[in-house]
Every structure is written in C-alpha cells, then in structure tokens.
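Please read these notes with the model open beside you. The points are numbered so that you can check them one by one.

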Amino acid sequence: LAAKPAEWKIAKGKWERTAEGIKVEELPADNHGAAGRLNQKLGDFIIAFDFRFDGAKSVSLSINDAKEHVARVLITPSACRIQRDDHDHDGPDKAVVFLNQAEKFAPGTWHHVVLEMVGDTMVATLDGKISGFGSDALFKSEKANPGLTCAGQTATFRNFQLWSAKPE
C-alpha cells in the first residue's frame with residue numbers, strides 16, 4: 001500500500017504483506033469481515049487501488065466521517081454496488097444505492113477501482129467501464145479513515161493511492 005504501514009490500522013482479520021500485495025482474510029473468531037483503515041482526514045479526494053478475489057465473498061472500499069459510515073464501493077464476484085451508507089443506523093436515514101450491477105469478477109484476476117468524492121458528488125469506476133455516481137449533502141462533510149474490507153477467504157489488494165481533489 002502506498003501509505004506508510006504505521007498509518008494503517010488493522011481492526012479485524014488477517015493482513016499479510018506478500019510480493020503480490022496485501023493478502024487479506026476474514027477470521028471466523030472476529031465475527032466481522034476483515035477491516036483495515038488509513039488514519040487520514042479527507043476533504044475532496046480520489047482513491048485508486050487494485051484488488052483480486054482469491055476466494056473472498058466480497059471486498060469494499062468504505063468511507064467514514066469522524067463517527068459513522070458515509071459511502072462505499074462493494075464488490076462481490078458477481079456484482080458491484082456503489083452507495084451512500086445508512087449514516088445513523090437507527091433511522092430515519094437509509095442507505096441510497098446509486099448502482100447495483102451484475103458483473104463477473106473472475107478469481108485470480110486483477111481489477112482496478114477509482115473513487116472520486118468532490119463536494120456533494122461521488123463517482124466510482126471499476127476497470128474503466130463500470131461507473132456509478134450520486135450526490136448527497138452528507139458527502140460535503142469532512143471524511144476520515146478510508147478503509148478496505150474483505151468478507152470470507154481471501155482477497156489481495158495492491159497499488160492503493162490517495163490524492164486530494166478540487167472541483168473543476
């Protein structure tokens with residue numbers, strides 16, 4: 001990963017640096033998917049990374065604010081979903097799905113994700129061809145600690161990059 005290792009906080013799961021990238025797997029004892037977060041406050045930004053399914057049920061890039069989930073790109077071997085998350089968990093707020101598309105992500109094949117959040121708009125692109133976007137006032141808030149997750153056994157991440165962005 002592009003950030004210094006000390007900047008990443010591993011909350012759940014097994015994370016192992018290999019020659020191909022960071023191999024991640026969920027640990028059954030955690031009762032939660034593997035989760036690692038970059039200790040970084042975000043304004044407007046772009047994040048890019050590669051992932052590969054090696055048996056995992058799903059991977060995601062999640063964006064939080066100081067306390068709660070804000071948005072995510074969730075990918076399974078057969079679909080991708082781009083959404084604004086349920087920010088308050090107990091209502092009345094609900095998740096808003098901007099894209100939920102069937103797509104095959106073959107095991108052992110690298111895929112590229114780009115997420116842009118500028119102002120009240122987010123745009124996510126997978127492999128340069130699947131794209132979803134949406135707007136919400138919540139996206140204007142200061143974001144923090146972007147995270148990668150993995151449900152099940154295993155996935156590999158590499159080439160994580162983060163840039164600040166400015167509206168055109």
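1. The largest nonpolar core has 38 residues. A nonpolar core here is a set of buried Ala, Val, Leu, Ile, Met, Phe, Trp, Tyr and Cys residues joined through side-chain atoms within 4.5 Å. Buried means under 20% relative accessible area, exposed over 50%, and partly exposed in between, with a 1.4 Å probe and protein chains only. The residues with the most contacts inside this core are F49, F51, I75, L115 and M117.

2. The model is predicted: local features need pLDDT of at least 70, side-chain atom pairs count only at pLDDT 80 or more, and totals for chains, interfaces and linings use all residues. Residues are numbered from 1 along each chain as its sequence is written, and side-chain values use heavy atoms, with hydrogens and water left out.

3. Not counting residues up to four places away in sequence, I75 touches F51, F53, K57, S58, V59, C80, F105, V113 and L126. Contact means heavy atoms within 4.5 Å.

4. How many disulfides are there? The count comes to 0, where a disulfide is a pair of cysteine sulfur atoms within 2.5 Å. The sulfur of C80 has its closest cysteine sulfur in C150, 17 Å away, which is too far for a bond. C80 is buried, with a relative accessible area of 1%, and C150 is buried with a relative accessible area of 1%.

5. The secondary structure comes to 0 helices and 14 strands. Helices (H or I, at least four residues) and strands (E, at least two) are DSSP runs, numbered from the N terminus. The radius of gyration is 15 Å, close to the 15 Å that the globule rule gives for 168 residues, so the protein is as compact as a globular protein of that length. This radius is taken over C-alpha atoms, and the globule rule is 2.2 Å times the number of residues to the power 0.38.

6. Buried residues make up 46% of the 168 residues. Of the contacts with a separation of 6 or more, 62% are between residues 24 or more positions apart.

7. Is Q83 buried or exposed? At 8% relative accessibility, Q83 counts as buried. Q83 lies in strand 9, residues 79–84. Leaving aside neighbours within four places in sequence, Q83 is in contact with residues including A71, R72, V97 and M122.
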